[in-house]
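Try each task before you read its solution.

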Amino acid sequence: MITRGEMPQPRRACVPAGGGATAYRELPAPGRWAHSLAGTAAFLLLAAGCALRVRRDLLARLRRSQEAAEAARRSLLRPLPPRIDGLALAGAHLSATRGAAIGGDLYGAAPTPHGVRVVIGDVRGHGLPSAAAAAVVLGAFRDAAYDEPSLAGVLRRMERALARHVRDRAAAEHTAGAGAAGPAAEEFVTVLLLQIAEDGTLTALNCGHPWPHVLRARAAPRLRAALPPAAPARTAEAPAPKPPLPVPAPAGPWPDVRAVDGGDPLPPLGVVPVPDGLEAGDCGRLGPGDVLFLHTDGAEDARDAAGRFFPLPRVLSGIAARQPAATPARLVAGVHAALLRHTGGHPADDAALLAVRSDRCA
């Protein structure tokens, strides 16, 4: 027996419609044409009422599904605070699965006694199936970032959490009959861990992830005035010379956009164990006004209809040239919009974007 809660929505709507039509057919009618017109009108009114009821119920279900998806997205990719210890941050996520708010890309930032620690990663695959592994890795980072004194300790905690997730998923797939060669057996994550100290010193551990780009800040525009030459003796024929106008100094947002040179990365998490004695590499210094732009390979590997890759450095330079005072949020929004235009609104892979600007004094 099917209860009301178990009956599909269209069937529930058709039951009163069929009942109404059957009841009307049994009613007597004064004439043939009147009977036909009245029956048609009654049936159309009844069908319209049922359609409105179904539409209302479907919209309510869609609204609840959207609320649940938004809650899941905010749980996985929590909104970044606009500022952390003198750093301005902004991030965005683009899912390759249409209608999905989450995917296999992850990012996060946390203030710690050792400096601001930042993570960005990319789970193998895209869309909703890879979101579970992304949630596990990001949750491990949030727990370990405050406790571990070194980035290597944070990375090992993330590796152990991913290994437990892979084992549990593989066991579930084996129980379901997928065998040992299921999707979980080949799951891995590329990860970039960064630490920004109080003096701007930048250290990193990279496990198969693209290196970020640095946009070095120029000094603010200044007015420089050349000293006028010695004034000649004034005569009745020669008027006094006018002082030269101030000449604006060369101004610009960032002189160049360069990738961080951190050496060869390690293999992704889940491929081989993290080696012992691992130490974070020195990646220079993030000075006042400098912007660090992090991304996943879904951004730099995105192609247009002609097969051309997304020119991320050129897009960053263009945004900086058009908006010299662009905030991290505007920088991320500009790259996000350019990425959608490049792919025609249909990216083939998830993409995560994260911008960090140093607002600290020198």
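**Exercise 1.** In which hand does α6 pass α7 in their crossing?

Solution. The crossing of α6 past α7 is right-handed. A crossing is right-handed if the near helix is turned clockwise from the far one by less than a right angle, and left-handed if anticlockwise. Helices (H or I, at least four residues) and strands (E, at least two) are DSSP runs, numbered from the N terminus.

Some ground rules follow. This is a predicted model, where local features need pLDDT of at least 70, side-chain atom pairs count only at pLDDT 80 or more, and totals for chains, interfaces and linings use all residues. Residues are numbered from 1 along each chain as its sequence is written, and side-chain values use heavy atoms, with hydrogens and water left out.

**Exercise 2.** Find the angle at which α6 and α7 pack, and the residues that meet.

Solution. Start with the axes, lines fitted to C-alpha atoms, for helices over the stretch in contact; angles run from 0 to 180 degrees between N-to-C directions. The axes of α6 and α7 are 10 Å apart, and the angle is about 130°. The two helices are therefore oblique to each other. Oblique is what remains once angles under 35 degrees (roughly parallel), over 145 (roughly antiparallel) and 65 to 115 (roughly perpendicular) are set aside.

Next, list the contacts (heavy atoms within 4.5 Å). From α6 come L312, V315, L316 and I319; from α7 come L331, G334, V335 and A338. By class, that contact has seven nonpolar, one polar and no charged residues. Ala, Val, Leu, Ile, Met, Phe, Trp, Tyr, Cys and Pro count as nonpolar, Asp, Glu, Lys and Arg as charged, and the others, Gly among them, as polar.

**Exercise 3.** Give the strand order of the six-stranded open sheet, then name its edges.

Solution. The order is β1-β2-β13-β12-β7-β10, with antiparallel pairing. Strands pair if DSSP finds at least two bridges between them. β1 (83–84) and β10 (257–259) each have a single partner strand, so one side of each lacks a neighbour in the sheet. β1 joins β2 (residues 87–94) over two bridges. There, R83 stands opposite A88. Helix α6 (residues 312–322) packs on this sheet and touches β7, β10 and β12. Helix α7 (residues 328–342) also packs on the sheet, touching β2, β12 and β13.

**Exercise 4.** What does the side chain of R357 make a polar contact with?

Solution. First place R357: it lies in strand β13. Its side chain makes a polar contact with the side chain of D359, at 2.8 Å. A polar contact is a pair of N or O atoms within 3.5 Å; within protein, one must be able to donate a hydrogen and the other to accept it, and residues adjacent in sequence count only if both atoms are side-chain atoms.
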